[in-house]
Amino acid sequence: PTSDLGKKMLARATKKPADAGPEDYVRELFEKSLKTDWSWWKLRVDGEHGVVRHFLVGEPNFQAPGVAGRGTRGYVALDADNIDGQFYYLKDAWRVVSRQIDKEGKILQFLNKNGVKYIPTLECHGDIISPTIQLTKTNQLWKDLHKRKTSAVCPFKKHQHYRIVVKEVGQEMAKFERGRQLIHALWCCIFAHSEAYAKGIIHRDISAGNLLRYFDQSTGQWCGLLNDWEMAKDTSSKRSKGRQHDRMVSGLGTIHLLFELIMSDQGTWQFMSAAALEAPRKQIGVEDELESFFHVLLFLAIRFLRHNCDNVAAFVHAYFDDFSTFNTGHYGCGAMKMLCMANGRIAIKMDGGVVSLLEFIWPPPAGNPAEVDARSHPLNELMQTILGWLQAHYSLMPVANTRANSPTAPVPAAAEESDEEEVLLLAGKPPRDPMELEHGQPSAPVSREAQEALAQKLYTHQAMLELLEGALHGTTKWPPSDKTKDQLSESEEGYEHGADIKADSTDLLKHGAQRRRTCGAGPSHKRRWDQLEQAVAQDSPKRQKSVIRKSIRTRKQRRSS
């Protein structure tokens with residue numbers, strides 16, 4: 001900070017334009033990053049064709065937690081050769097080295113060239129090659145330690161240090177000012193996804209952290225920005241192995257879960273479709289991505305809009321963070337998310353046999369907060385429509401015939417026929433005349449044609465875009481001010497929700513370790529890092545024996561006293 005370069009960075013950060021508008025949030029972010037107790041850096045980006053660029057950064061405004069994953073850091077940055085120029089966003093990460101996954105910069109370069117809107121504009125990118133190429137060695141070390149186990153599959157991937165710089169500096173989607181603005185930003189991101197998909201690219205990591213908003217000075221409006229294309233793939237890829245090398249692992253221990261998640265190249269657990277969570281090898285399709293967009297909308301709405309859910313922390317835990325475990329070692333979708341997709345409705349509680357469904361509430365007038373407005377919030381109809389599509393989609397999935405695969409049971413010997421059926425008494429009395437009884441008939445199901453028509457809405461982007469567009473520009477009336485404080489952080493002190501926890505990060509591991517000690521779908525308790533790290537350590541056999549011996553000694557001491 002006291003160097004000549006540091007003084008220039010600080011001067012640029014504190015230089016607020018006289019005509020500063022909403023876009024000045026970028027400069028404010030950069031100013032906030034220049035903390036005196038944090039080192040400021042001049043980072044090198046080895047771009048294409050040997051072009052080297054340098055960027056000035058302070059503290060990262062985003063830093064991935066934990067030791068597993070890609071170690072991503074994000075910075076608001078300045079070009080070192082043009083400090084008075086525009087701000088950029090620089091991402092420093094360890095990318096997966098795979099022929100199946102292109103560099104994020106290559107994908108953005110292709111999409112930018114094809115005019116895809118509402119995505120970041122590439123400035124430069126490249127692997128770090130000076131003073132030397134930086135690659136992880138974990139996968140090779142693992143192989144060296146398991147040479148005798150020829151059938152063992154290495155759970156670790158090779159990663160390479162990589163930097164990418166884009167022109168847009170986005171703002172988290174949670175900064176939206178009213179519900180209608182949230183729907184507009186969501187429309188922008190879905191539109192970007194549809195255009196990219198039309199060009200042969202699918203995103204595969206739709207999450208609350210990857211949907212941003214930015215102020216478009218050309219239109220004078222806040223827009224959505226579909227960010228983070230590092231997991232995107234060519235839609236022509238037809239790998240039979242699906243999204244990862246091998247997600248089926250033996251055992252249900254915490255360490256096994258860690259291996260499983262590190263091996264994965266899937267998206268963000270909380271926002272993945274129920275089908276993708278249940279079938280790790282499933283090829284991600286448009287229907288999965290649109291379902292993920294719905295989960296993001298629900299996640300932001302339940303936090304920042306008024307509704308009838310009393311315990312937001314419990315809801316978020318059960319719907320987004322929870323997972324199921326199977327004897328095969330497979331980790332799948334949480335029960336609540338799966339139930340909501342299958343039923344096409346979001347039930348929040350049951351009281352006296354009456355089910356209460358999630359409902360968003362029209363806010364009271366500013367001058368009279370106690371007044372109840374009977375109007376239905378427009379988000380209710382919008383979300384119920386999408387839930388109807390999702391329910392139809394899941395109802396059409398083939399049902400496994402487990403009986404056909406089971407061994408044929410021996411046919412019992414034929415019993416002798418009797419002339420009269422034995423009369424079975426009911427509560428000590430003979431049954432009533434059969435003519436007096438109602439014979440239950442199966443209720444008429446919704447026709448398969450109608451279900452198929454609804455499910456088709458999810459197989460292309462058009463219906464979702466038209467639905468949101470109608471909510472924005474039709475006759476729909478939106479409340480002028482319907483955003484509240486973050487009800488998730490307010491509902492339970494110390495609650496650490498799972499927003500943007502990658503399925504290959506230690507955070508999901510740690511949340512899972514804690515949840516196995518508590519109720520699977522109940523409210524989340526405060527999680528301390530030391531407690532969670534201890535849960536990981538206890539998967540060691542030696543550690544388990546030590547804990548058991550200590551527990552036995554403690555019980556004996558208590559009995560003797």
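**Local backbone features, a helix pair and a pocket**

In this predicted model, residue P131 is found in the loop that runs between β6 (122–127) and α4 (138–145). The peptide bond that joins S130 to P131 is cis, with an omega of about 5°. Although Y118 is not a glycine, its phi is positive, at about 60°.

The packing of two helices was examined next. Two packed helices are described by the angle between their axes and the distance between those axes. For helix α9 (residues 312–321) and helix α10 (residues 335–343), the axes come within 5 Å and cross at roughly 80°. Angles of 65 to 115 degrees count as roughly perpendicular, and α9 and α10 are therefore roughly perpendicular to each other. On the α9 side, the contact is made by F315, A318 and Y319, which meet M336, K337, C340 and M341 of α10. Sorted by class, the residues in this contact comprise six nonpolar and one charged, with no polar residues.

Attention then turned to empty space in the model. Rolling a probe the size of a water molecule over the atoms shows where such space is left. The second largest pocket holds about 630 Å³ of space. It is lined by 26 residues, of which E23, V26, K167, F215 and Q217 are the closest to the centre of the pocket. The elements that contribute two or more residues to this lining are α2 (25–33) and β10 (211–216). In terms of residue class, the lining of the second largest pocket consists of eleven nonpolar, ten charged and five polar residues. At least three lining residues come from each of domain 1 (1–169) and domain 2 (172–235 + 257–365 + 373–397 + 447–497).

Note on methods
Residues are numbered from 1 along each chain as its sequence is written. This is a predicted model: local features need pLDDT of at least 70, side-chain atom pairs count only at pLDDT 80 or more; totals for chains, interfaces and linings use all residues. Side-chain values use heavy atoms; hydrogens and water are left out. On a 1 Å grid over the protein atoms alone, a cavity is a set of points where a 1.4 Å probe fits but cannot get out, and a pocket is an open set with protein on both sides within 12 Å along at least five of seven lines; lining residues have an atom within 4 Å of a point. Grid points are joined across faces, edges and corners, and a volume is the space filled by probe spheres set on the points. Helices (H or I, at least four residues) and strands (E, at least two) are DSSP runs, numbered from the N terminus. Ala, Val, Leu, Ile, Met, Phe, Trp, Tyr, Cys and Pro count as nonpolar, Asp, Glu, Lys and Arg as charged, and the others, Gly among them, as polar. Domain bounds come from an automatic or database domain assignment. Axes are lines fitted to C-alpha atoms, for helices over the stretch in contact, and angles run from 0 to 180 degrees between N-to-C directions. Angles under 35 degrees count as roughly parallel, over 145 as roughly antiparallel, 65 to 115 as roughly perpendicular and the rest as oblique. Contact means heavy atoms within 4.5 Å.
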